[in-house]
Amino acid sequence: MPRYTNQQVAQIFNQIADLSEIKGEIIYRVLAYRKAADSIANLGRDINEAWQAGKLQEIPGVGPAIADKIGELLSSGQMTFYNKLTAEVPPSLVEVLGIPEVGPKKTRAMWQTLGLTSLAEVKTAAEAGQLRALPGFGPKTESKILAGIEALASRATDRVHMGVAFPVARELVTALARLPQVRRVNYAGSLRRFCATIGDLDILVASGDPVGVMSAFRQLPQVESTLLSGETKTRVRLLNGMEADLRCVDETQWGSALQYFTGSQAHNVKLRELALKRGFSLSEYSLRGEDNSEIRFAEEEEVYQALGLPFIEPELREDRGEIEAGLRGELPRLVSIHDIRGELHCHSTWSDGQASIEEMALSAEARGYEYLVISDHSQSLGMTGGLGPERLREQRAEIQAVQERLHRLRLLHGTEVEIKGDGSLDFSDHVLAGLDFVVASVHSGLRQDRDTITARVVRAMRNPHVHAIGHPSGRLLTRRDESAVDLHEILRISAETGTMLEINAAPDRLDLDDAHVRRAVELGVRLVINTDAHRPRDFDNLLLGVATARRGWAGVEHIANTLPFEALLDRRKGGV
DNA sequence: GCCGTTTTCGGCCCGACTGTTTTCAGTCG
C-alpha cells in the first residue's frame, strides 16, 4: 500500500475542492476542503503520525468528516468519497479550471453543455468559435481563454524565489517613489510576508491622483503589457514574465490598505470575521461601524489595535493561529536580524567560493559579526574542489594568519563535510575533532528512497563531531524538489541528539522551510541560520533566512547563532 | 464541512475590474 506524504494528502483535498466547486457544491464546503488542504501542507508533522496518534482533528480546519476521509485513505489507500467524486466529475476539469479567467462556473458551463473535459478539448472548441455561444460567454471571453491556454503552455513555472522577485520589486518601488504625486509606496503581498516563492508582485501607493499614478505605472520601462487597469487598480505583465498589481489609496487609508494588500487572504478573512464579531466591517479602506461611521487608519498597527490585537508581523500572517495567539496575548517574540551574532557556514576560494578567506572575513567583520566559520566543501564533492585532510591542515594555517589581521571578528575553522552515499562522512572522526564547527550535508544521491536517504542523514547526526545538518531537505526552489528525506524523523533525531538543523538562507534554498521550522520550535530542536555564502554579498541573504525562521515562529532562544561563540560551543553536543 | 467570549445551529470578508449584460455575474486577490 502506498504511503502518503502530507503534500500528497493536501493535493487530494485541493482536487476535491476544485471538483466539488465545479460540480456546484455549497461554497463553504469547498472552502473547508481548501482550508484543510492548506493546513495539512503546512503541518510540519507527519500526517501519518498524527493519524496514528488519533490527533487529526487537532489540525485546524479538519473536523470529523475530513478526519474520516484521511483515516480511510491512510489505512486502506482508498477514499470512497474521492472515488465517487472523480467518477462523477472528470478530474481533468481541474486543468480547465486552471486557465486564467476561467472559474468554476465557466468550467461547468463548458463541461455540461459542450461536454468539454480537458484543456485540449476546450482549445479546439474555442478555435472553432463554439464557446461564444454559451450563456455568459462572448468573443472576448473566447479569445481570453485561448490566450490563457497559450500562457499555461509557455510558462514552465509561474512562481519565482525571492532572489528574483526582490530586485524587480525594488526597481518598481523606486520608480514609483520618483513620481511627484506619490506620497507613500511599498511592496506588499507574499513578498512582504517573505514567502519562499512569489506568484506576482503587489505594490501599494498612496496618492491623491490615482489615475495619474496608474497611467505612469503602465508606462514604466519594465512593463510589457497591461492586463487590466481601472481607476485604483492596475495589473501588468513585466518584461521578465512576472505580473505586478498596483493599488492606489488615499494617504489617510494607507494603514488599512497595506494591511489588506499584504495578506494573506486567509489571514484577512479571519481578521474581517473578527471585525464582524466586534460589530465592524473591515475593508482595505476603513473600519465601518454598524451606524456606518468610518474610521481610517494611516498606519498598519492601528488596524490591529482597533480590533484588540497586538501588531502581527507580516511573516506570521498566514492564518496559522496568529490571530488566536494575538487575542490570547501569546504571540512569540520573533528573532530579528540584529540578534544574529555570527555565521557558521560559508565558503572561500579554497573550494567553490568566489572570494578569499580574508575577503570573507573582512566583510563579515564589517557587518558586525562576532564570529565566522570558514566551512569549505570536503573532497568527495569533486566539482567544488573540495578539501582533503592535507589541504584542510594548510587551510588552518591561513585562517590563523588572517585572524591576526582582524580586529574583533573571531575566525574559525570548520567544514561542510559530505555525507556520503552510505551515510559515512568524508573526514575521519580524528580530523573532524580538530575543527571548530562541523556542518554535514547531502549533495549527491538526492534521489535515494525515503528510508535510505533518511538513514544516511541520521547516521551523520549520530556522529558526535557533527554539529549541524546543512540544508536538510536539499530543495532548490522552482528547480528541484526536496529529497525524499523524512524530515519528521530528522527533527526527532535532532531533538534527541542535540544536532542543530540549518535554516539555509540562500534564496533558492530556504531550507529548512517555515513549516518544519515551526515544528522544530515546538520540539525544542536547536536551529542555526546560515547564509552558506560563496562571496561577500551572499551575506545579504541573512535577511531571508531570518524571515524564514520568523515564519516558523522562532524566537532568539531557538537560534543557536544568536549566542556568543563560547556559549554556542559550550552547548555543542558532547559538550566539547 | 468547520466552528464557538453572541452560537452545538446558523453563520461563514469585501471590493475592483471585465464582459456580457440592460443591472449583474464571474473571477480574482
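This is a predicted model: local features need pLDDT of at least 70, side-chain atom pairs count only at pLDDT 80 or more; totals for chains, interfaces and linings use all residues.
Local features need pLDDT of at least 70, side-chain atom pairs count only at pLDDT 80 or more, and totals for chains, interfaces and linings use all residues. Residues are numbered from 1 along each chain as its sequence is written, chains are lettered from A in the order in which they are written, and side-chain values use heavy atoms, without hydrogens and water.

**DNA strand B**

There are 48 residues around DNA strand B, and Y33, G63, G103, G138 and R272 come nearest. A residue is near the strand if one of its heavy atoms lies within 4 Å of it. By class, this surface has 20 nonpolar, 12 polar and 16 charged residues. Here Ala, Val, Leu, Ile, Met, Phe, Trp, Tyr, Cys and Pro count as nonpolar, Asp, Glu, Lys and Arg as charged, and the others, Gly among them, as polar.

| Residue | Distance |
|---|---|
| I66 | 3.2 Å |
| K105 | 3.2 Å |
| K106 | 3.0 Å |

Elements giving two or more residues to this surface include α4 (64-76) and α7 (104-114). The largest share, six residues, comes from α14.

**Helices α1 and α4**

The axes of α1 (residues 6-23) and α4 come within 12 Å and cross at roughly 125°. α1 is therefore oblique to α4. The contact (heavy atoms within 4.5 Å) is made by V9, I12 and F13 of α1 and by I66, K69, I70, L73 and L74 of α4. These residues divide into seven nonpolar, no polar and one charged.

How values were computed. A polar contact is a pair of N or O atoms within 3.5 Å; within protein, one must be able to donate a hydrogen and the other to accept it, and residues adjacent in sequence count only if both atoms are side-chain atoms. Helices (H or I, at least four residues) and strands (E, at least two) are DSSP runs, numbered from the N terminus. Axes are lines fitted to C-alpha atoms, for helices over the stretch in contact, and angles run from 0 to 180 degrees between N-to-C directions. Angles under 35 degrees count as roughly parallel, over 145 as roughly antiparallel, 65 to 115 as roughly perpendicular and the rest as oblique.
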